Amino acid sequence: MTGSAGPGSAVRFTLNGQPSAVDVPADTPLLYVLRNDLGLKGPRFGCGLGQCGACRVIVDGVARSSCDLPVSDVAGRTVTTIEGLARAGELDPLQRAIVDLGAGQCGYCLSGIIISARAFLDSEPQPDEAGIRAALEPNVCRCGVHDRVLRAILRVSDAAGPRQ
Amino acid sequence: MGATVVPDRVDAWLRFEPDGSVWIRTGKVELGQGIHAALEIVVADELDVELDRTRVAPVDTATSRDEGVTAGSRSIEESGETLRRVAATARRALLAVAAARLHVGVDELRVEAGVISTPAGDSCTYATLVVDGALRDLLVDPEASPKPSAARRIIGSSPVRQDLLRKVTGASAFLQDLELPGMLHGRIVRPPAPGSRLRSVDDAAIRSLPGVVALVRDGDFLGVIAEREEQAIAALRRAGSAAHWSDAPRLAATSDPRYLLALPAETIVVRDRRDGPTPPRVARTIEAEYTRPHIAHGSVGPSCAVARFDSAGLEVWTHSQGIFRLRHELALVMGLSETNVRVHHREGAGCYGHNGADDVALDAALLARGRAGRPVRVQWMREDEFAWEPYGPAMLIRLSADLAADGSIIEWRHDLWSHGHETRPSQGGRPADQSALLAARHLARPFVVPLAGRPRAASSGGRRNAEPYYRFPRDRVVDHYVAESPLRVSALRSLGAHANVFAIESFVDELAAATGADPVELRLRHLDDVRAREVIGRAVAMAGPRPAHSGDGDLLRGRGLGFARYKNSAAYAAVVVDVELDTEIHVRRAWGAIDAGMVISRDGLANQAEGGIVQAVSWTLREAVSTDASGVTSRDWDAYPTLRFPDAPAVEIDVIDRPDVPPVGAGEAMAGPTSAAVANAVADASGVRLRDLPLTRERFIAAAG
């Protein structure tokens with residue numbers, strides 16, 4: 001459902017497993033609500049145009065950019081950010097693999113990349129490498145850790161095997 | 001190059017805490033390259049403390065050393081080597097005190113995890129000795145001998161980078177995440193193009209928007225401040241119609257780097273080795289021209305700063321590469337004394353050189369003035385970053401070689417056309433009416449824009465790696481320095497080395513093809529440096545058997561090599577790539593061998609080399625700043641495409657460790673060799689030689705005729 005929040009009418013949604021409500025204009029991009037109202041700094045501003053993936057979150061199981069998503073569009077829905085992937089202090093295996101394989105340099109793009117990969121693996125537990133590459137197409141990385149990230153995701157997915 | 005040790009105090013570099021931790025004070029800043037992790041390894045190893053007990057203290061102009069700009073791959077060879085000697089000095093002094101206290105000889109002591117113990121089991125800790133004054137007034141001994149390589153425990157290994165944990169869990173990790181009490185959000189309304197003047201602005205239309213706190217105008221500089229970030233962005237958008245600008249002067253065409261040939265140039269002979277014995281008769285001369293366009297740094301995280309003005313002065317949080325230089329220029333432009341400006345470094349997204357980091361700090365300072373102590377955070381929009389950052393400059397290179405009848409190279413000539421590659425803020429090195437900071441040129445009392453300077457040394461600016469590392473009987477290198485640049489330019493990873501090495505290594509392959517020589521063999525024939533020969537040999541060996549040229553259907557395959565010693569004095573790098581050509585050029589695999597002397601962090605070095613290759617593949621196949629007469633047109637990721645995951649090559653790196661050779665930086669070594677390797681692989685696959693970067697499908701089709 002799409003809320004029609006305005007001043008005084010809070011937008012309610014489930015955020016990282018917890019009920020959440022914010023009282024902001026309906027057209028406020030979700031990114032700024034997450035970062036500045038709810039203190040979740042994991043989604044990062046990269047372009048504001050939905051072109052780079054740095055701000056990606058999972059909405060009802062689907063990864064998408066939050067910089068160009070009005071908060072009212074997530075009313076009643078389930079939003080997962082990078083902060084919501086670790087469970088009971090245990091890192092998501094994707095997070096663990098990225099750290100263990102040193103699959104990062106500056107790391108600014110990593111939360112968006114992990115979000116894309118998590119949503120993809122949840123929908124496709126036994127992907128091939130081409131599928132993983134396609135799922136990460138929306139994410140820009142400038143330090144050039146692409147191959148390390150791919151190896152980390154392959155390690156986590158059941159597809160781990162000889163590289164193509 | 002040696003370490004830059006000055007006789008100063010050990011406690012200016014290292015602070016031993018009672019809990020056993022050791023804080024490292026350096027002025028080198030973390031740019032995502034992992035330099036702080038590397039410096040922690042150096043100190044932990046030399047002192048024999050646990051790696052997780054060493055930490056680099058926050059870098060800030062009030063408390064940190066001024067170690068200049070963090071750039072040029074110099075941090076390991078400068079700060080790393082200095083810290084090794086600082087730690088060696090400290091260790092020697094601490095062990096001497098411990099030996100006296102424990103009544104044994106120094107040689108009988110062993111150190112583990114910061115605990116010094118005797119064979120009999122008596123012990124004391126570094127921390128207690130330091131509390132008791134063991135390091136008081138101790139000066140760094142530049143001759144202090146660090147551990148021999150056999151005694152190193154951590155140096156040369158691959159510890160996990162702990163900062164990645166914060167970065168994968170969404171913790172506040174970047175300056176962009178900094179939040180200060182009462183913080184406001186600002187955005188800058190830039191002119192539609194450089195040179196456009198602000199005629200008028202409908203203040204009321206902007207001020208009446210929700211949350212808008214102020215509109216700041218100073219000449220052609222216009223900024224909006226709001227309580228909330230999205231309100232500042234909405235005000236910025238509204239200003240698009242509320243601000244009226246004069247037409248900008250038409251921009252000279254820059255998309256084809258041959259524009260450089262039409263501009264006035266100062267011709268400087270960098271080297272001329274054409275004396276000596278009379279050469280054999282020239283049988284043929286081969287010439288070729290190579291170009292590189294302007295390339296954007298294109299950081300994935302747009303530049304950001306937070307500034308606060310109060311009675312104590314100006315305080316700024318920045319991801320600048322040079323906080324002391326930034327402090328100088330902020331003071332200059334804001335009319336303050338440097339003692340009233342404090343600049344804190346916080347990590348930002350990777351910058352790969354001089355991008356908008358310094359500029360946005362002035363933007364934030366200009367907006368914070370008059371806010372009664374409330375901090376203002378400014379983050380550039382994507383368009384600000386792409387349209388206003390100082391690009392890596394376009395270059396043009398002409399190479400020619402005279403060949404003898406037997407195909408041997410008699411003479412090599414290299415002519416390059418380039419602007420300067422450096423317009424960073426300066427620390428008093430320029431006239432006081434000049435500032436490099438972007439907004440300074442837009443103020444009512446505008447500062448003069450400094451030119452990207454003439455290279456000062458053989459390895460700087462456009463000349464970097466212009467001199468061939470190969471030994472030819474005769475050679476000449478000429479720099480045609482073009483002072484005036486139509487676009488704003490400054491330092492991009494590897495400076496002129498990228499284009500020079502691209503040209504040199506492409507041309508070597510062209511000469512090999514023209515004379516029927518093997519490209520690897522031709523290189524080795526002109527290289528007598530064993531380390532150079534070894535990286536080439538290792539990269540070629542790693543790549544293994546060559547792929548068959550033709551694949552399924554119309555698919556063509558090819559392999560190419562590129563080599564350079566960065567700056568002709570730093571890391572050795574060789575890259576082999578395999579390409580596939582279908583309707584596009586794809587780099588499928590890459591192998592890199594690197595020799596940067598002593599290895600501090602094996603995986604850190606491999607990661608830098610790997611990232612350097614992948615970024616250079618992106619430059620080579622995709623990247624170019626585009627312009628038309630009205631200005632820069634590549635203002636978002638659609639108009640400035642980069643290499644993405646579907647097309648990223650698989651990469652393998654061979655790290656050569658030379659534990660007894662001083663370490664050098666490695667972050668910039670791979671760029672030139674990679675671009676050449678790709679062009680050489682395309683030629684190998686198809687017979688089509690591409691000499692203009694980026695190597696696009698359109699250029700391939702045009703060249704294939």
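User: What is the mean pLDDT of chain B?
Analyst: The structure is a predicted model, with scores of ipTM 0.95 and pTM 0.96. In chain B, 99% of the residues reach a pLDDT of 70 or more. The mean pLDDT of chain B is 94.

User: Over which residues of chain B does pLDDT stay under 50?
Analyst: For the stretch in question, the model has eleven contacts beyond four places in sequence. The stretch where pLDDT stays under 50 is residues 1-5 of chain B.

User: Which helix of chain A gives the most to the side that touches chain B?
Analyst: The contact between the chains takes 49 residues of chain A and 48 residues of chain B. On the chain A side, helices H1 (30-37), H2 (93-100), H3 (110-123), H4 (129-135) and H5 (146-156) each supply at least two residues. The most comes from one of them, with four residues: H2(A).

User: How many residues of the side of chain A that touches chain B are nonpolar?
Analyst: Sorted by class, this side of chain A has ten charged residues and 16 polar ones. The nonpolar residues there number 23.

User: Are H2(A) and H3(A) parallel or oblique to each other?
Analyst: The axes of H2(A) and H3(A) lie 10 Å apart, and the helices pack at an angle of about 135 degrees. Angles over 145 degrees would count as roughly antiparallel, and those from 65 to 115 as roughly perpendicular. H2(A) and H3(A) are therefore oblique.

User: Which residues of H3(A) make the contact with H2(A)?
Analyst: The crossing of the two helices, H2(A) and H3(A), is right-handed. The residues of their contact comprise five nonpolar, one polar and one charged. H2(A) contributes A:Leu94, A:Gln95 and A:Ile98, while H3(A) contributes A:Leu110, A:Ile114, A:Ala117 and A:Arg118.

User: What distance separates the centres of domain 1 and domain 3 of chain B?
Analyst: The domain assignment of chain B places domain 1 at 10-155, domain 2 at 176-245 + 297-388 and domain 3 at 395-420 + 455-704. Taken over C-alpha atoms, the centres of domain 1 and domain 3 of chain B are separated by 39 Å.

User: Which helix gives the most to the side of domain 1 of chain B that touches domain 3 of chain B?
Analyst: The contact takes 16 residues from domain 1 of chain B and 17 residues from domain 3 of chain B. On the domain 1 side, the elements that give two or more residues are helix H1 (35-47) and helix H2 (75-102) of chain B. The side divides into seven nonpolar, six polar and three charged residues. With five residues, the helix that gives the most is H2(B).

Notes. Residues are numbered from 1 along each chain as its sequence is written. Chains are lettered from A and ligands numbered from 1 in the order in which they are written. This is a predicted model: local features need pLDDT of at least 70, side-chain atom pairs count only at pLDDT 80 or more; totals for chains, interfaces and linings use all residues. Two residues are in contact if their C-beta atoms, placed from the backbone, lie within 7 Å. Ala, Val, Leu, Ile, Met, Phe, Trp, Tyr, Cys and Pro count as nonpolar, Asp, Glu, Lys and Arg as charged, and the others, Gly among them, as polar. Domain bounds come from an automatic or database domain assignment. Axes are lines fitted to C-alpha atoms, for helices over the stretch in contact, and angles run from 0 to 180 degrees between N-to-C directions. Angles under 35 degrees count as roughly parallel, over 145 as roughly antiparallel, 65 to 115 as roughly perpendicular and the rest as oblique. A crossing is left-handed if the near helix is turned anticlockwise from the far one by less than a right angle, and right-handed if clockwise. pLDDT is the predictor's confidence in each residue, from 0 to 100.
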